[in-house]
Amino acid sequence: MLRLFLIENPYTTRSHTSFSLRISDLELDAAWIDQREETLARQYGWEQTARGHWVDRFRKINFHKVQQNGTLFPQEEQILELDGFTNIAGMVASGKTTVSQLFSVNVLRHHCDRRITLVVSDVQSAIKLANQINWWFCHDPENDDPVAVPILGRSKRDAHLQSFSASKDYQEHRQRGQPHWGERWLGTACPLQGQLKERDFIQLLDGKALKAGIEPCHTLKKMPKSDRSKRRKNLGSSYLCPFFDKCPSQQVYRDMPNARVWITTPGAMAMAGLPRHLDLRPIKIGELVNEQSDFVVFDEIETIIKWFDDTYAEEVVLTDGGNSGVFDDIGVKTEQFSKTNRVMPPSTQRWTGAERDAQKAITATLTLLDKQVGHQFLRKWVKRGYFTPNSLLFKFARRLAGLEEFEPSDTSDALSRANARLVQPIVRYFDALLNEDDPLRMQPSSNPNRDPVFRLARLMQEINSTGESASDENIYRACRAWIIEFFRNTERRLAQLRTELENRNQSSQQQRHSPNSDEPDVDTVETLAYRLQFALTIALLDRHTRIVFYEWHNRPQSINDDSPHRRMPAAMLNILPLPPTGRQFGTYYSRGNDDNKSSKNSSNNALTLFAYTNIGRCYILNFHCLLTDFNGQRGPNVLALSGTSYLPDSTSFHVGNPQGVLMPEQGARDAIAQSNFKFLPQFDQKNKPLRISGSPERQKMGLFQEIARSLVGSNGTGHLGQELRELKHLGENDLSNHWRDRDRLLLLVNSYDQARWAANEIRNCWSSKQDVVYHLVPDNIDTYTEDDFDELAKFVKPPDKGALNRADIETFGQTKGEILVAPMNAIGRGFNILNANSKAAFGSVYFLTRPYPHPHDTQAIAQEMNRRALDWVDKADFLAWQEGDGIVQRAEKVRQLAARYWRSVEQRSYYKTLRDNQELLAFPRFDLAATTAGLVIQAVGRLLRGGVPFRGYFVDAAWAPKSAARIADPEFSELDTEETSLLVAMLLRICDYASEENTVGNALYKPLADALEGIKDLHW
C-alpha cells in the first residue's frame, strides 16, 4: 500500500508553503484535549496525574517574536510564523513541549492536507507520544487507523520491544486495562516462519523464533538442491518476502500513508531506510520526511545537531586481531580475487594496490608499538589512545625545536607566541607534505636532495616499498639523516631544554610535569628519528585508507561487503558541505595502548580509524532547503525548539539567533529568581578539598566514595540528611505550594558508572535510607544523550539494587525514592519529573563533579570545527577571504587555517591553559563556560517544572579551587577568577547574556542569573 502511495504521490508534487499560526487558536485545541482526556479518565480510571491539564498549560505560554534588530516584538496578538527554518528559544519550563504537541493537534484538526513530523530524542519517547496522540483522536488500536505513527529503525527492534515492555507507560496501560498503541507497531509474528515444517524449523532456526529485527524480509534465497550447493557461500539472488503486505510486524508501514503525524528520532532519520518492498532506492527516513512533511519540529535542536555532526565523524575498526576489522576481512578476499584476475581495470589495480599497502602500513604501525619488538617511548607517545599525521608531526615539530610537547600551565602568552613562531617554520614543511595530492608521486624540485619536503616524501616512498619497514635500519638512518641535515642545531636545542628542566626542578620542591608526564622529558636525535618514522608511517596509512574507503566502488567484484562507512548516509556524502580540513581519515586508536580498560576493543593488535567527511549539522540547519538545489522544490517548514539553543559562545549548544522566544509566566520567573545556590566542597581527613575533575580515572571511584561518605556523615547527619529535613520543613510550612512534596535530592555525575559508585556508597553508610536511594541505568542503545555507550553491556544482567531505568525516570516522584544519582547528560533534557501536585519532584540538586569535555574526543573536535567553519563563512573579513586570491587560493588558505585550528584543539589540556585566538575566532574558555552553562541550565530545568524555586549545590572542589582552599583555610586570601574557576566563568557568561542590552538573553536567563549572582561561599 505504501509503495502504491509513494508512486501515486510523487515527492515533488507536495506543496511546501509558509504558514502562520495564532497562538491564541491553540486554546480551543487545548480545551478539546482536556475533554477527550476527561472521557478517557472515566473509561479507564486514570489518576489525576495522568491528565495533561492542557488549558492550564496553554495559559502559561508567553511567546514573543524577535525582530531583526534583536528586540522582542511587543505584540498583543502572538503569531508564530513558519517560513523555512524557525528557531524558537525557550527558557526551561517555558512550555516548549506544550507548543509542539498543541501545534500537532491543531494540524490534525484544522489542516487536513498537511503532515507534521516530530523529531524526539529516543525510541520510547516516540512510541509514548504516538500512543498519546492516537488516544486523543481514536478509540480502538486494533481496528482504527492511527493518526500518528512512530517511524523507527528495524535493526534494534528487539531492544525496542524489550524496553517498551518494561516501560512504566506500558505497564500502567496494562494495569488499568487500556490497550497501548505500541503493541500495534511492535508485533513479532512472522507469517513466513509459520510456513516452515517442523523439521525445517528445528534444522534452520534451532527450534527458536527469529529475533525481532533480523527477519529475512528481503534476503530470501532459493533452497539449494544438493548438500554441495548448500555449502556455497554465495547462494544466488535475494528475493522479497511475499507476505509483506499482510505481515503483522510490518504494520507501521501500512499505517504511514494516512497518518498525518509522523514521530521519529535522529537515529532513524540518519540511518533507517524503507523496506525494499516499498522503495528500491536507498532512501533514508530523513529524506522521506523532508519530501512528505509540511512541518518538522526538532525538539532540543542542538542535541539533534550533535547527532548529525557525530554521524559524519565516525569511527571504523581497521583491525582488531580477529575478523571484525575492515582489513581483517578484505585482505583475504582481495588476494583470492587476484589469483584468478591478474589483469584487471586500472581503477581496480589502484584499489588493490592501496589495500595491500595499507596492510603493510598497519603491520608497521603495530610493530613500532609492540611491547616486545617496538619502542616504549612510542607507546607512551600515543598512550592517550589516538594519533593523527597532523598531531604527531606537530608534536614532533615542538620536540625538534627544543620545546616541551605541552607547554606548562604557567607559560605566559608572550612566551607561548614566541614558541609558536619557533615551531611554525618546521610545521610548514609537514603541512606542505600532507597537502600534496599524493606524496608517493611527488615530483622532485631542481635540487631534490636539499628540498626537505621532497626528502620527506622520498622517505615515505622508501617506507612504502620496504616489506619490514618498522625494523629496517636503513629507514631509521634516513630519518636520522633528515633531522641532522635540515636542523643542525637539534642536539644543542635538546641540551638547552634538558638544562632548563633540571634548573626548574631544582628550584621547585615538586617536579612539574606536562600532561604526558610519564614520557621522557627530553628526546635524543635517535628517539626523534623513530618518532619521525612512526609519523610518516601513519601518513602512509592515511593515504592508503583514503583510496580504499573513498574508492570502494573500485574494489574487486568478489568483495560484496558494504562500504566501511555504511553508517554514513551515502546519499548525503556529496550533498552536505565538506569540512574545512577536507575529508579526513586520520585519528587512529591503538586500543591495547589505551589507558581506558573498559574500551570496546581491548586487543593489543587493534587500530581504529576516525573518519570526518562532512559538516553534519548542515543537514538539520538546512533541512528546509536540503534538496532544493537538486530538484527545485523547497522542503518543509522547520520549527526548532530548545531551552539552550541561544548560548552564542558555545560551539556545542548555540544554534543561531532565534526568531522567537518562549518565556515562563511572571510568577514562575519570580520563583526561579528565588532559587538558592551554594558552593559546597567536601574535604578529606587532612582538610584538603576533594577534587574529582582532572583526577586520573583510576582514582575517581575512590573520590566519589569519599565525597558520598562526607555528604552522608555519620548515618545521615551530614549535608544530605540536613537538606532532606530542611525540604520537608519547607513543605510543611509552604503557603505558596512551592515546596510541598519536594523533599527529594538529585545528585548529578558524568557517567552511569559514577552514578552507581556514589549511590552504592550512600546506601552503605546510610543504612536507614538504603531502600530510597536509586541510581539511573540506561534502557538500551536507542538513547543518544549519553556519551559512554561502552557501559551498556554491564546492564544486560539483572539490575543492581536501586537501579532505575532511564525510561521510567518521570515516575520517580510517585515512588518511595528520596535520592536519585544520575548522569547529567542522561537526565538533562525532555523529562518532566513531577510530584502529585504537578510540580518538580526534586527540591535540591547536587553537582558532584564538574562536566569537562574529554580533551581527545575527536567527535567533539569535529563538532567544534563544524561550528567554527560556519562562523568563518559568516565573517566577511575572515583571514582566508582577505589573503586568498581567487577560490582555489582561498580554499587552500581555509584548509591551512583549519588544520592549525584542529592542532590547537588537540593540544588543549587543563582549563587554565586555554588561550584565545582572535584570528581563528577561537575562544575556548568562553566556549567551555557557555557549554557548561547549557548543561547546568538543562539539569536545573528538572527542578523548575511548575514554576517553583530550587536549591543547587556545586560539590567538586574543581569548580572553584581557590574558594575551596579559602573555606579550608580562612587565612587564604586569593579569590577565584574566570581564569581559575569554571564556575565563575560560567556565572559571568550567564550574567552577560542576561544583561539589559541583550534582549533575547535577558528574556531567557535573567531569573536564573539573578539566582546565580547570589551564590554562597564562592569567593570571586
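**Close-up views of a predicted model**

View 1. Ser767 counts as partly exposed, because its relative accessibility is 49%. The model shown here and in the views below is predicted. Ser767 sits in the loop that runs between helix H30 (752–765) and strand E16 (773–777). Gly716 is 51 residues away from Ser767 along the chain, and the C-alpha atoms of the two are separated by 8.9 Å.

**View 2. The open sheet that includes strand E16.** Seven strands make up this open sheet, in the order E14-E20-E19-E15-E18-E16-E17, and the pairing is parallel. Its edge strands are E14 and strand E17 (803–805), each of which pairs on one side only. On average, and with direction ignored, neighbouring strands of the sheet are turned by 25 degrees against each other.

**View 3. Pairing of strands E15 and E18 in the sheet.** Strand E15 (residues 745–749) and strand E18 (residues 819–823) run parallel and are joined by five bridges. Opposite Leu745 stands Ile819, which belongs to E18.

**View 4. Phe847 in strand E19.** Phe847 belongs to strand E19 (residues 844–847). Its relative accessibility is 0%, so Phe847 counts as buried; the cut-off for buried is under 20%. Apart from neighbours within four places in sequence, the contacts of Phe847 are Leu748, Met824, Val936, Ala939, Val940, Tyr953, Phe954, Val955, Asp956 and Trp959.

**View 5. The salt bridge between Arg951 and Glu723.** The side chains of Arg951 and Glu723 form a salt bridge with an N to O distance of 2.6 Å. Distant parts of the chain are linked by this pair: Arg951 is in strand E20 (residues 951–954) and Glu723 is in helix H29 (residues 719–732), 228 residues apart. Both Arg951 and Glu723 are buried.

**View 6. The salt bridge between Asp1017 and Lys678.** Here the side chains of Asp1017 and Lys678 meet in a salt bridge of 4.0 Å, N to O. This pair also links distant parts of the chain, with Asp1017 in the segment after helix H38 (999–1013) and Lys678 in strand E14 (residues 676–679), 339 residues apart. Asp1017 has a relative accessible area of 35% and is therefore partly exposed. Lys678 likewise counts as partly exposed, because its relative accessibility is 26%.

View 7. Arg42 and Glu38 are joined by a salt bridge in which the closest N and O atoms are 3.6 Å apart. Both residues belong to helix H2 (residues 26–44), where four residues, about one turn of the helix, separate them. Arg42 counts as exposed because its relative accessibility is 59%, whereas Glu38, at 32%, counts as partly exposed. In total, the structure holds 43 salt bridges.

**View 8. The largest nonpolar core.** This core has 94 residues, and those with the most contacts inside it are Phe103, Ile133, Ile263, Phe298, Phe308, Tyr619 and Phe623. Helix H5 (residues 123–137) supplies eight residues, the largest share of this core. Another core, of 71 residues, lies apart from it and has Ala457, Ile538, Leu540 and Leu607 among its members.

**View 9. The contacts of Phe298.** Phe298 is one of the residues with the most contacts inside the largest nonpolar core. With neighbours within four places in sequence left aside, Phe298 is in contact with Val119, Met269, Ile304, Ile620, Phe623, Val638, Leu639, Ala640 and Leu641.

**View 10. Two buried cysteines, Cys241 and Cys991****.** Cys241 is buried because its relative accessible area is 12%. Cys991 has a relative accessible area of 18% and so is buried as well. A disulfide is a covalent bond between the sulfur atoms of two cysteines. The search of the whole structure finds zero disulfides.

Definitions and conventions:
Residues are numbered from 1 along each chain as its sequence is written. This is a predicted model: local features need pLDDT of at least 70, side-chain atom pairs count only at pLDDT 80 or more; totals for chains, interfaces and linings use all residues. Side-chain values use heavy atoms; hydrogens and water are left out. A nonpolar core is a set of buried Ala, Val, Leu, Ile, Met, Phe, Trp, Tyr and Cys residues joined through side-chain atoms within 4.5 Å. Buried means under 20% relative accessible area, exposed over 50%, partly exposed in between (1.4 Å probe, protein chains only). Helices (H or I, at least four residues) and strands (E, at least two) are DSSP runs, numbered from the N terminus. Contact means heavy atoms within 4.5 Å. A disulfide is a pair of cysteine sulfur atoms within 2.5 Å. Two strands pair if DSSP finds at least two bridges between them. Axes are lines fitted to C-alpha atoms, for helices over the stretch in contact, and angles run from 0 to 180 degrees between N-to-C directions.
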